[in-house]
Every structure is written in C-alpha cells, then in structure tokens.
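Please read it alongside the sequence and the coordinates.

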Amino acid sequence: MTYVMYIFMVGLVLGLVVVASNPSPYFGALGLVVVAGMGCGVLVGHGAPFLSLVLFLIYLGGMLVVFAYSAALAAEPYPEALGSRSVAVNVAGYLVSVAIGASFFWNGWFGGLWVTADELVEFSLIRADMGGVALMYSSGGLMLVLSGWVLLLTLFVVLEVCRGLSRGALRAV
C-alpha cells in the first residue's frame, strides 16, 4: 500500500505541474481531473473514503461543469498542446523548482505521509473510516449547504464574466 500512496503523491505533483504550466484551458481541465483523482486517492489511503467520494463528486460535478461552460464560451481554435515548446519549457521549469524544493525538505519531514490508515490493522481497535459519515453530517451539515450556495454563486460569476458585449450568457438562463 505504500507504493500505491507513492504513485498517488507523485501523480498529484505531476498533475499540479500540468495545471500550472499549460496555457490552454482544455489541458488545464485534464490536469485538474488528474489532481482531483490523485488527491482523493491519497484521502482514501489515509482512511477517509466517504470524504474522498464527496469531494470528488462535488469537485467534478460542480466546478468542472462551470469550467466547461466558460471554456466553451471562450474557445480557442488551435490550443497549445502538452507537447508544444513553450509548455515543455514551463514543465521543465516547474519540475526543476519542485526538485529544488524537495531537496531542501528531504530529511524525513514526510515520513508519516506514506503510512496508510489501515497499515497496522493487527494493532487497531476500530477502522479509520468508522465515524466519517456521521461526523460529516453532524458537524459539517451547515458547511455542506454553504458549499452548495458558494458553487451556485461561482456559476453565476463565471457566466457573467464570460458574457459578450451585446449578448450575455445569463440571458439564456
């Protein structure tokens, strides 16, 4: 399971590099999907499968739909691909900065991040995800409602920002 967590964390960093280095919104959205999937995999490994599922569904169902509408409104005929020269230079620069940052902090600060929640199952009395759903609805119900309203507000803000001079995206709504 440690190797799976290693793959998730490396995929998370590489997905963030793709998001940061790509000027095209289409490939940026692909990087965001990879980052969301890898981040949710890290959460599953640390014992929060329900939280991971909720975050993945809210993220992909909410923000990426807004992103798809805004990207469709501001479509480029020839977007820059992941293999183009300017994007490759940006990727190389970001990977070098990640390597420099990792070399500064390589002395064991991340040791506990590789251990998953159920790695020592012989010595644990309860599972790691036992109280996840109940705790989320009892303590975080208000936050779920507030998050839904924030996503709705974000949808209207993005549609208003992406409107043209005489025709608006909100006019169709």
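Leu57 is exposed, with a relative accessible area of 54%, where exposed means over 50% relative accessible area, buried under 20% and partly exposed in between, computed with a 1.4 Å probe on protein chains only. Leu57 belongs to helix H3, helices being DSSP runs of H or I with at least four residues and strands being runs of E with at least two, numbered from the N terminus. Its C-alpha atom lies 9.8 Å from that of Ala36, at a sequence separation of 21 residues. The model is predicted, so that local features need pLDDT of at least 70 and side-chain atom pairs count only at pLDDT 80 or more, whereas totals for chains, interfaces and linings use all residues. Residues are numbered from 1 along each chain as its sequence is written, and side-chain values use heavy atoms, with hydrogens and water left out.

Leu51 also lies in helix H3, which spans residues 49-73, and Leu51 is partly exposed at a relative accessible area of 36%. Leaving aside residues up to four places away in sequence, Ser52 touches Cys40, Leu43 and Val44, a contact being defined by heavy atoms within 4.5 Å.

## Packing of H1 against H2

Two packed helices are described by the angle between their axes and by the distance between the axes. Helix H1 (residues 2-21) and helix H2 (residues 25-45) have axes that come within 8 Å and cross at roughly 155°; axes are lines fitted to C-alpha atoms, for helices over the stretch in contact, and angles run from 0 to 180 degrees between N-to-C directions. H1 and H2 are therefore roughly antiparallel to each other, given that angles under 35 degrees count as roughly parallel, over 145 as roughly antiparallel, 65 to 115 as roughly perpendicular and the rest as oblique.

Among the residues in contact are Phe8, Leu12 and Val19 of H1, together with Phe27, Val35 and Met38 of H2. By class, the contact of H1 with H2 has 14 nonpolar, seven polar and no charged residues; Ala, Val, Leu, Ile, Met, Phe, Trp, Tyr, Cys and Pro count as nonpolar, Asp, Glu, Lys and Arg as charged, and the others, Gly among them, as polar.

## Packing of H1 against H4

The axes of H1 and helix H4 (residues 85-104) come within 9 Å and cross at roughly 135°, and H1 and H4 are therefore oblique to each other. This crossing of H1 past H4 is right-handed. On the H1 side the contact involves Val13, Leu14, Val17, Ala20 and Ser21, which meet Val87, Asn90, Val91, Tyr94, Leu95 and Val98 of H4. Sorted by class, the contact of H1 with H4 comprises nine nonpolar, two polar and no charged residues.

## Annotated spans and the whole chain

An unreviewed UniProt entry places the feature "transmembrane region" at residues 6-22, 29-48, 54-75, 87-106 and 134-159. For residues 29-48, the end C-alpha atoms lie 25 Å apart and the span is 85% helix and 0% strand. For residues 87-106, the corresponding separation is 28 Å, with 90% helix and 0% strand.

The chain has six helices and zero strands. Of its 173 residues, 20% count as buried. Among contacts with a separation of 6 or more, residues 24 or more positions apart account for 72%.

Terms used
UniProt positions renumbered as here; feature names shortened; annotations may be inferred. Left-handed = near helix turned anticlockwise from the far one by under 90°.
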